[in-house]
Amino acid sequence: MYCAVGVPALTRRARTRNISDSRLKRLYLQLNKEWFGNKLPDDLVIRWARLDKKTQAEATSPKLIRIDAALRKWPRTLKFAIIHEMAHIELWHVVEDHHGDTWQRRMLQLAKAGAFRYLW
Ligand SMILES: [Zn+2]
């Protein structure tokens, strides 16, 4: 999986009929409760987009997650990608190297807690 963090939004919004933006938001809120102790912002915007071919998801600010529309057909990958981005959001003001040691430790902690069970 490739994820872009802090890259300015240059792509247009995707049109999708399968999973709505509001369903994405419900999934985000559920994952926030399950794995992040509801500490991530409730008012974060999460929405579909058509991203660069190498990018499945991206957090472009601490209040915005964009998911490539291709993932609407891959619910487990979608969930994995959202948790991945949520870990970036959680550490937004902590880490400079977005996929560095602090973030890696947090992902391992989530994995050990079961956040990725049945997703890999
Ligand atoms: Zn990432």
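Predicted model: local features only at pLDDT ≥ 70, side-chain atom pairs only at ≥ 80, totals over all residues.
## A tour around strand E4

Four of the five residues of strand E4 are buried, so the rest of the structure largely encloses this strand.

**The overall plan**

Let's step back for a moment. The protein has three helices and four strands. Read from the N terminus on, its elements follow the order β-α-β-β-β-α-α. Of the 120 residues, 24% count as buried. Among contacts between residues at least 6 apart in sequence, 56% join residues that are at least 24 apart.

How confident is the predictor? The average pLDDT of the protein is 87, and 85% of the residues score at least 70. Residues 7–12 are a stretch to read with care: the pLDDT there is below 50, and beyond near neighbours in sequence the stretch has nine contacts in the model.

**The partners of E4**

Now back to E4, which spans residues 64–68. Strand E3 pairs with E4 in the antiparallel sense, over four bridges. The two strands form a hairpin, with two residues between them. You can find this pairing by looking for glutamate 58, which stands opposite arginine 66 in E4. Another pair to look for is alanine 59, which stands opposite isoleucine 65 in E4.

E4 also pairs with E2, this time in the parallel sense and over five bridges. Here tryptophan 48 stands opposite isoleucine 67 in E4. As a general point about such strands, the side chains in a regular strand alternate between the two faces of the sheet.

**A closer look at alanine 57**

Alanine 57 is in strand E3, which covers residues 57–61. Is alanine 57 buried or exposed? Alanine 57 is buried, because 25 other C-beta atoms lie within 10 Å. Leaving aside neighbours within four places in sequence, alanine 57 has contacts that include Cys3, Ile65, Arg66, Ile67 and Asp68, and also Ala81, His84 and Glu85. The C-alpha atoms of alanine 57 and isoleucine 82 are separated by 7.6 Å, although these two residues are 25 residues apart along the chain.

**Helix H1 and its two sides**

Helix H1 runs over residues 21–35. Which residues of H1 are buried? They are Leu24, Tyr28 and Asn32. These residues cover an arc of only 80° around the axis, which means that they sit on the same side of H1. The buried residues of H1 are covered by elements including E2, E4 and helix H2 (75–90). On the other side of H1, Ser22, Gln30 and Lys33 are exposed.

The table gives the span of each helix from its first C-alpha to its last, and in each case the span is close to the expected value.

| Helix | Residues | Span | Expected at 1.5 Å a residue |
|---|---|---|---|
| H1 | 15 residues | 21 Å | 21 Å |
| H3 | 13 residues | 18 Å | 18 Å |

**Positive phi angles after the helices**

What happens just after these helices? Just after H1, glycine 37 takes a positive phi of about 55°. Just after H3, glycine 114 takes a positive phi of about 105°.

Asparagine 38 is exposed, because 10 other C-beta atoms lie within 10 Å and a residue with 12 or fewer counts as exposed.

Definitions and conventions. Residues numbered from 1 in each chain as written. Buried ≥ 20, exposed ≤ 12 C-beta atoms within 10 Å, placed from the backbone. Contact = placed C-beta atoms within 7 Å. Pairing = 2+ DSSP bridges. pLDDT = per-residue confidence, 0-100. Expected span 1.5 Å × (residues − 1). Arc of directions from axis to C-beta.
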